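Here are my notes for your first read of this model. Keep the structure open beside you and check each point as you go.

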Amino acid sequence: HPGAGILNALPQPPFSSRPPRRPTAVPVRPSRRPRWLTVGGWTLAVLLLLILFLAVTAAFLIRSRRVHAYLIQTVQAKATAALNTPVHFRDFSFHLSGLNPSVDVYQVTVEGSSPHRDPPLAQADQLHLEVTVASLLRRSWYVNNIRIEHPVVRVLVDRQGATNLPASETSSSTSSSSNIFDFGIRHLLIEHGQLYYNDRKSDLTADV
């Protein structure tokens with residue numbers, strides 16, 4: 001018959017009862033971190049480890065007796081040259097809280113100028129200096145706290161007008177002068193101080 005379909009007499013496989021397979025999903029790879037973020041993280045970690053190593057090394061060196069004695073001699077020499085009069089202290093201790101160092105100086109003595117070297121011009125039981133580091137990159141820091149315990153200051157003036165105050169040395173090579181207020185001191189505390197002007201005594205305290 002011209003319009004009839006053609007039947008296939010070849011054997012056909014039986015129909016399967018299994019459901020059709022679903023296409024396997026392609027695993028999605030997690031997005032990688034930017035390279036600069038990885039490098040920045042490693043750089044920060046290395047810097048922190050380096051700062052920690054330097055802090056531990058500095059603390060170890062300061063605890064060394066030789067380094068401790070050398071620092072005492074160096075600081076006394078620098079203070080003597082700056083004040084133009086002998087400066088002595090018995091000992092010091094260094095502390096580090098994070099990036100904020102502090103130092104305590106014990107039994108400080110500042111001698112007077114001749115002819116009135118005895119008694120000393122100034123003495124103090126303890127000086128405490130605390131520095132706060134605001135930024136390492138910008139090298140920004142300020143003095144957070146200064147505490148002076150039991151200072152005794154003796155100013156002597158004889159009949160000829162000579163005093164025990166050291167004469168300040170002026171250098172002609174440097175024309176700029178430094179101001180003490182440029183150091184940015186946040187807090188100054190003077191406890192149980194005494195001021196002698198010849199034989200006249202007065203209390204010396206401050207909390208500013």
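1. Start with His 192, which sits in strand β6. This is a predicted model, and in it the phi of His 192 is positive, near 55 degrees, although the residue is not glycine. Most residues other than glycine have a negative phi. Is His 192 buried or exposed? His 192 is exposed, because its relative accessible area is 64% and the cut-off for exposed is over 50%.

2. Next, move to Asn 198. Find this residue in the loop between β6 and β7 (200–207). Asn 198 also has a positive phi, near 55 degrees. Its relative accessibility is 32%, so Asn 198 counts as partly exposed.

3. The bond joining Ser 114 and Pro 115 is a cis peptide bond, with omega about 5 degrees. The bond from Asp 118 to Pro 119 is cis as well, with omega near 5 degrees. Most peptide bonds are trans.

4. Step back to the whole chain. It has two helices and seven strands. From the N terminus, the order is α-α-β-β-β-β-β-β-β. Of the 208 residues, 18% are buried. The accessible surface is about 17400 Å², and carbon and sulfur atoms own 60% of that. Take the contacts between residues at least 6 apart in sequence: 47% of them join residues at least 24 apart.

5. Which residues of α2 are buried? They are His 68, Ile 72 and Gln 76. Seen down the helix axis, these buried residues fall within an arc of 65 degrees, so they line one face of α2. The face turned away from that side carries exposed residues, including Arg 66, Tyr 70 and Lys 78. After α2 comes Asn 84, with a positive phi near 60 degrees.

6. Finish with the largest pocket. About 1500 Å³ of space lies in it. Of its 39 lining residues, the closest to the centre are Leu 83, Leu 127, Leu 129, Ile 146 and Ile 148. Several elements each supply at least two lining residues, among them α2, β1 (87–97) and β6 (188–197). Which strand gives the largest share of the lining? That is β3, with seven residues.

Notes
Residues are numbered from 1 along each chain as its sequence is written. This is a predicted model: local features need pLDDT of at least 70, side-chain atom pairs count only at pLDDT 80 or more; totals for chains, interfaces and linings use all residues. Side-chain values use heavy atoms; hydrogens and water are left out. Buried means under 20% relative accessible area, exposed over 50%, partly exposed in between (1.4 Å probe, protein chains only). Helices (H or I, at least four residues) and strands (E, at least two) are DSSP runs, numbered from the N terminus. The arc is that of the directions from the helix axis to the C-beta atoms. Contact means heavy atoms within 4.5 Å. Accessible areas come from the Shrake-Rupley method with a 1.4 Å probe; for residues, only the protein chains shown count as cover. On a 1 Å grid over the protein atoms alone, a cavity is a set of points where a 1.4 Å probe fits but cannot get out, and a pocket is an open set with protein on both sides within 12 Å along at least five of seven lines; lining residues have an atom within 4 Å of a point. Grid points are joined across faces, edges and corners, and a volume is the space filled by probe spheres set on the points.
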